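Trainee: I would like to learn how to read aromatic pairs in a protein model. Could you walk me through it?

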Amino acid sequence: MEKKQKIILVTGSTGFLGSAVTRRLLVSGYRLRLLIRKRDNDILTTSFGREGAIKELILGNQFDEHLLEQDSMAGDRVGADESLYDLFLSNVEIFEGDITSRDLGLEKNEYKRLCYEVDEVFHCAAATHFENQRADELVIVNVKGTENMLQFADSGKQKRFHYISTAYVAGKQDGIIYENEMVNEPLFNNEYERSKFIAEQVVIKYAKSNEIPYTIYRPSIIVGDSKTGVTCKFDNLYTFAKVLFNIRNALTNHKSENLNDITVRVPGVPDALINLVPVDYVADAIVAILKEKQPADKIFHITNPNPPELSELRDLLMHVLGINGINVLIDGQLEHERLSTMERLFLRQTRTYYSYLFSRLRFDCRNTQSVLKRAGITCPVITKDLAKVIVDFAISHNWGDRKRLALQKAEMV
């Protein structure tokens with residue numbers, strides 16, 4: 001008798017990490033139910049039609065015409081006669097709803113059917129902005145939305161709950177952060193961290209009270225694909241690289257400047273740890289943990305075991321960007337009243353991430369590494385070659401400006 005394929009409901013499947021996880025679940029043989037946020041006047045719908053736009057977002061084709069990811073993921077599941085697109089058509093069902101609404105914004109019959117047919121839930125959807133003035137939105141999406149998904153997991157047939165958190169629920173703590181529940185609430189760098197910490201606590205308490213098996217994944221700072229550089233999010237590392245890129249262009253175009261005499265001071269401490277992980281590594285790790293059927297109620301740090309220091313990352317970016325004759329000095333005590341125009345520009349455009357340039361957090365990832373070692377998965381080292389792949393893609397796509405509006409809309413679903 002043929003073994004029944006597991007049915008997994010995924011939220012956030014059109015987002016950056018969510019789409020990468022969804023593709024891997026698809027080629028691994030799971031049947032998927034995708035909860036997509038319902039929208040009117042969606043920009044991508046104009047070009048692709050609603051369902052076509054969703055397929056394009058998840059399969060990745062509109063991000064880069066030479067995306068080769070599906071070839072490396074396919075393995076035994078996708079044969080020569082079965083493309084990723086064919087798999088999508090035969091194994092994916094799309095539901096338009098809203099995680100912040102009662103019954104997930106679905107019709108009662110749809111909600112009830114899903115409650116009884118879904119085996120596991122992957123909750124990837126989140127609001128990811130750092131602006132504190134939008135804290136209410138973070139609470140509604142990240143906390144209330146998670147509560148609603150937990151209620152769904154506990155309705156009808158009980159389902160295992162997979163929650164995508166962040167390693168930075170650690171906030172402003174120091175030292176080594178372990179893969180376990182955080183009992184005491186730390187101080188936070190922004191309201192995004194706080195909302196994810198609260199949501200994680202909600203998952204743990206609700207799941208324990210209702211005997212729902214759960215797994216929590218805590219990725220660190222996610223960048224583009226390690227092989228192609230493909231990304232649809234151009235924040236974090238990209239913000240700093242873009243500012244350096246623009247400073248280089250502005251100074252080299254100013255013929256009268258003597259570049260050897262220019263120093264640009266930037267905030268931070270040289271030994272701050274910038275924990276970068278390529279999106280393909282994160283998605284591969286998450287699905288490997290799922291496939292190994294790890295015991296329930298565990299937390300996994302999907303982080304870089306050997307993160308670069310800020311000074312090392314600066315040198316990598318300057319090399320890749322071809323910045324010569326300009327001294328970028330990391331200064332932990334900038335005197336704001338004596339900043340140059342270039343330094344003010346840097347601070348203004350990177351202010352959102354200022355606190356991370358002083359962080360020395362180390363993330364223990366033994367739970368994760370024990371699984372990945374058996375699966376043959378290793379975290380890519382942040383080298384000049386990898387930095388070049390990531391930056392070259394960003395430059396070739398104008399740092400995301402061309403499609404920023406459409407892609408950001410797709411992220412929060």
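Trainee: How many aromatic pairs does the structure hold?

Mentor: This is a predicted model, and it holds 15 aromatic pairs.

Trainee: What describes a pair of aromatic rings?

Mentor: Two things do: the distance of the centres and the angle of the planes. Planes under 30 degrees apart count as stacked.

Trainee: Where do Phe130 and Tyr192 lie?

Mentor: Phe130 is in the loop between strand S4 (120-123) and helix H7 (135-153), while Tyr192 is in helix H8 (residues 191-210), so the pair ties together parts that are 62 residues apart in sequence.

Trainee: Is Phe130 buried or exposed?

Mentor: Phe130 is buried, at a relative accessible area of 18%. Tyr192 is buried too, at 12%.

Trainee: How are the rings of Phe234 and Phe393 placed?

Mentor: The centres of Phe234 and Phe393 are 6.4 Å apart with planes at 5°, so they are stacked. Phe234 belongs to the loop between strand S8 (221-223) and helix H9 (237-252), and Phe393 to helix H14 (residues 384-396), so this pair ties together parts that are 159 residues apart in sequence. Both residues, Phe234 and Phe393, are buried.

Trainee: Which residues do ring pairs link into a cluster?

Mentor: The cluster includes Phe130 and Tyr192, along with Tyr168, Phe240, Phe346, Tyr353, Tyr356 and Phe363.

Trainee: And what sits over the ring of Phe152?

Mentor: That is the charged end of Lys159, 4.8 Å from the centre of the Phe152 ring.

Note on methods
Residues numbered from 1 in each chain as written. Predicted model: local features only at pLDDT ≥ 70, side-chain atom pairs only at ≥ 80, totals over all residues. Heavy atoms only, no water. Phe/Tyr/Trp six-rings, centres within 6.5 Å; stacked < 30°, edge-to-face > 60°. Helix = DSSP H or I, 4+ residues; strand = E, 2+ residues; numbered from the N terminus. Buried < 20%, exposed > 50% of the residue type's maximum accessible area, 1.4 Å probe, protein only. Lys NZ or Arg CZ within 6 Å of the ring centre and 35° of its normal.
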